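Please work through the following exercises with the sequence and the coordinates at hand. Each task is followed by a solution set out in steps.

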Amino acid sequence: MTEQLATQETVFRSDLLAGHRILITGGGSGMGKATAFLATRLGADVAICGRSPEKLETVQREIKEATGREIMTASMTIRDPEACEALIAEVYERFGGLDTLVNNAGGQFPQNAIEFSRKGWLAVIDTNLNGTWWMMQEAAKRWRDSGTPGHVINIVANVERGMPQAAHTCAARAGVIYLSKTLATEWAPFKVRVNCIGPGVIETEGFGVYPEEALVRFHKANPMKVRGNAWDVAEAIAYLASPAGRFINGDLMIIDGGQAQWGVVWPGGMPDYFAENGAA
């Protein structure tokens with residue numbers, strides 16, 4: 001995967017994000033890692049954070065080998081608001097400012113909602129909703145106080161039709177989407193834009209949490225009948241962060257191959273009740 005990220009063809013010119021300062025949470029793998037590679041290749045100053053220092057250091061080394069450029073890494077959890085504040089301060093100290101915050105960190109597990117433990121529910125809500133908010137607020141305070149523009153891109157999900165077997169993350173992501181729409185207006189006087197990207201079935205290392213009976217059906221939930229990849233999302237992030245996205249605010253960009261119009265993903269495996277001919 002690393003070699004592919006280093007050489008993957010992109011539609012963007014090589015200096016598109018030159019001088020742009022970008023912070024990506026959950027940058028140690030998957031969509032965050034792909035975004036870090038692409039942003040660095042496009043000339044941005046990149047910082048990534050996550051809970052695993054080993055993963056972060058690996059990405060840092062791989063990007064250095066592929067591009068000759070250094071990125072900043074920080075091991076922390078976005079569940080801790082003080083850690084979020086310290087991270088934003090560190091980015092400002094390192095880069096002299098921040099232009100785009102990509103809230104990519106998150107996590108969930110497939111389970112029927114009625115079986116959620118209290119600990120499991122709180123863990124997903126705390127990371128996917130609260131952690132995203134702590135990061136957004138700290139970045140916005142800096143932009144407001146410095147009088148400089150900023151941009152938040154929140155990686156969420158398409159929750160319009162619900163998310164069976166993922167009700168915890170559906171609740172959290174819906175909260176982030178409508179929080180973002182609200183802040184896109186409230187923070188406009190500070191010249192801060194807030195947008196969301198809702199990926200569909202994106203094949204990453206995170207697929208390991210899903211049972212095989214679910215994985216074999218994932219691509220059947222969209223009319224293209226293919227899986228997306230992390231690069232699909234990374235290029236969308238680059239577009240929104242670039243000057244081309246300057247007039248996009250309060251939006252939810254769906255990248256799902258048409259799944260929203262057609263199918264349903266069952267991350268824990270389709271229950272027998274719904275397994276009828278023609279069911280997606």
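The exercises below concern a predicted model and treat strands, a pocket, aromatic contacts and selected loop residues.

**Exercise 1. Strand β5 and its partner**

Task: Determine how many residues of β5 are buried, which way its side chains point, and which residue is the bridge partner of Thr100.

Solution. 
Step 1. β5 spans residues 150–155, and six of its six residues are buried.
Step 2. In a regular strand, side chains alternate between the two faces of the sheet. In β5, Gly150, Val152 and Asn154 point one way, while His151, Ile153 and Ile155 point the other way. Both sets are buried.
Step 3. Strand β4, residues 100–103, runs parallel to β5 and is joined to it by four bridges. Within β5, His151 is the bridge partner of Thr100.

**Exercise 2. Strands β1 and β2**

Task: State in which sense β1 and β2 pair, and explain why β2 is described as largely enclosed.

Solution. 
Step 1. The pairing of β1 (residues 21–25) with β2 is parallel and extends over five bridges.
Step 2. Ile24 has Ile48 of β2 opposite it.
Step 3. β2 covers residues 45–50, and five of these six are buried, so the strand is largely enclosed by the rest of the structure.

**Exercise 3. The second largest pocket**

Task: Describe the volume of the second largest pocket, the residues nearest its centre and the classes of its lining.

Solution. 
Step 1. The volume of this second largest pocket is about 240 Å³.
Step 2. Its lining consists of 13 residues; His20, Pro149, His151, Arg193 and Ala241 lie nearest the centre.
Step 3. Two strands, β5 and β6 (192–199), each contribute at least two lining residues.
Step 4. Sorted by class, the lining has four nonpolar, five polar and four charged residues.

**Exercise 4. Aromatic contacts**

Solution. 
Step 1. A pair of aromatic rings is described by the distance of the centres and the angle of the planes.

**Exercise 5. Residues in loops**

Solution. 
Step 1. Asn222 lies in the loop between α7 (212–218) and β8 (228–229). Asn222 and Gly258 are 36 residues apart in sequence, yet their C-alpha atoms are 5.4 Å apart.
Step 2. Lys225 is placed in the loop between α7 and β8.
Step 3. Lys191 belongs to the loop between α6 (167–186) and β6.
Step 4. Most residues other than glycine have a negative phi.
Step 5. Glu115 and Asp80 are 35 residues apart in sequence, and 27 Å separates their C-alpha atoms.

Note on methods
Residues numbered from 1 in each chain as written. Predicted model: local features only at pLDDT ≥ 70, side-chain atom pairs only at ≥ 80, totals over all residues. Heavy atoms only, no water. 1 Å grid on protein atoms, 1.4 Å probe; cavity = no way out; pocket = protein on both sides within 12 Å on 5 of 7 lines; lining within 4 Å. Points joined across faces, edges and corners; volume = space filled by probe spheres on them. Nonpolar A, V, L, I, M, F, W, Y, C, P; charged D, E, K, R; others polar. Buried < 20%, exposed > 50% of the residue type's maximum accessible area, 1.4 Å probe, protein only. Pairing = 2+ DSSP bridges.
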